[in-house]
Amino acid sequence: MKPLNQTVLDMKPSGIRKFFDIVSEMPDAISLGVGEPDFDTPWHVCDEGIYTLEKGRTFYTSNSGLMELREEICKWYARGHRSCNPCAAGTGG
């Protein structure tokens with residue numbers, strides 16, 4: 001493994017990183033930080049991820065999301081007599 005550049009080694013951790021490190025040591029703390037779940041990923045989600053990787057679907061999508069997913073979301077809304085066209089299905093943020 002290549003050693004890290006000295007500039008990188010000299011970087012100080014950010015204040016928020018220090019805060020998360022401190023809080024992670026507190027047994028009763030509830031983190032409202034970066035959105036990490038407090039439960040294991042359900043197996044059916046893992047299984048779908050594995051299937052997707054095996055099929056080679058390892059690319060980035062457009063900013064508005066996969067067309068197939070967007071179409072299914074619109075169909076779901078239409079079943080409730082609502083419209084969502086056009087729609088976007090991003091990763092959040």
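Guide: Below, each label is set against its cut-off.

Guide: First the ground rules: this is a predicted model, where local features need pLDDT of at least 70 and side-chain atom pairs count only at pLDDT 80 or more, while totals for chains, interfaces and linings use all residues. Residues are numbered from 1 along each chain as its sequence is written, and side-chain values use heavy atoms, with hydrogens and water left out.

Visitor: Why is C74 called buried?

Guide: Buried means under 20% relative accessible area, exposed means over 50%, and partly exposed is in between (1.4 Å probe, protein chains only). C74 has 18%, so it counts as buried. C46 has 26%, so that one goes down as partly exposed.

Visitor: What makes R17 and D21 a salt bridge?

Guide: The rule wants a side-chain nitrogen of Lys or Arg within 4 Å of a carboxyl oxygen of Asp or Glu. The closest N and O atoms of R17 and D21 are 3.7 Å apart, so the pair passes. As background, side chains of opposite charge can pair when their charged atoms come close.

Visitor: Where do R17 and D21 lie?

Guide: Both are in helix α2, four residues apart, about one turn of the helix. A helix here is a DSSP run (H or I, at least four residues), a strand is an E run of at least two, and the numbering starts at the N terminus. R17 has 41% relative accessibility, so it is partly exposed, and D21 gets that label at 41% too.

Visitor: How many salt bridges turn up in a search of the whole structure?

Guide: Two. Besides R17 with D21, there is K75 with E72, at 3.2 Å from N to O. K75 and E72 share helix α4, three residues apart, about one turn of the helix. K75 is partly exposed because its relative accessible area is 47%, and E72 is partly exposed because its value is 43%.

Visitor: What makes the nonpolar surface patch?

Guide: L4, V8, L9 and M11 make it, with about 410 Å². Patch residues need over 30% relative accessible area and no salt bridge; nonpolar side chains (Val, Leu, Ile, Met, Phe, Trp, Tyr) are joined within 5 Å, like charges within 9 Å. The areas come from the Shrake-Rupley method with a 1.4 Å probe, and for residues only the protein chains shown count as cover. M11 has 58% relative accessibility, so it is exposed; its place is the loop between α1 (6–9) and α2 (15–24).

Visitor: Which residues line the second largest pocket?

Guide: Among them are E48, Y51, R57, F59 and L69. The elements giving two or more lining residues are α3 (43–54) and α4 (67–79), and α3 gives the most, with three. The space is about 230 Å³.

Visitor: Why does one call that a pocket and not a cavity?

Guide: On a 1 Å grid over the protein atoms alone, a cavity is a set of points where a 1.4 Å probe fits but cannot get out, whereas a pocket is an open set with protein on both sides within 12 Å along at least five of seven lines; lining residues have an atom within 4 Å of a point.

Visitor: Is H81 buried or exposed?

Guide: Exposed, because its relative accessibility is 77%. H81 is in the segment after α4, and its phi is near 60°, a positive value in a residue other than glycine.

Note on methods:
Grid points are joined across faces, edges and corners, and a volume is the space filled by probe spheres set on the points.
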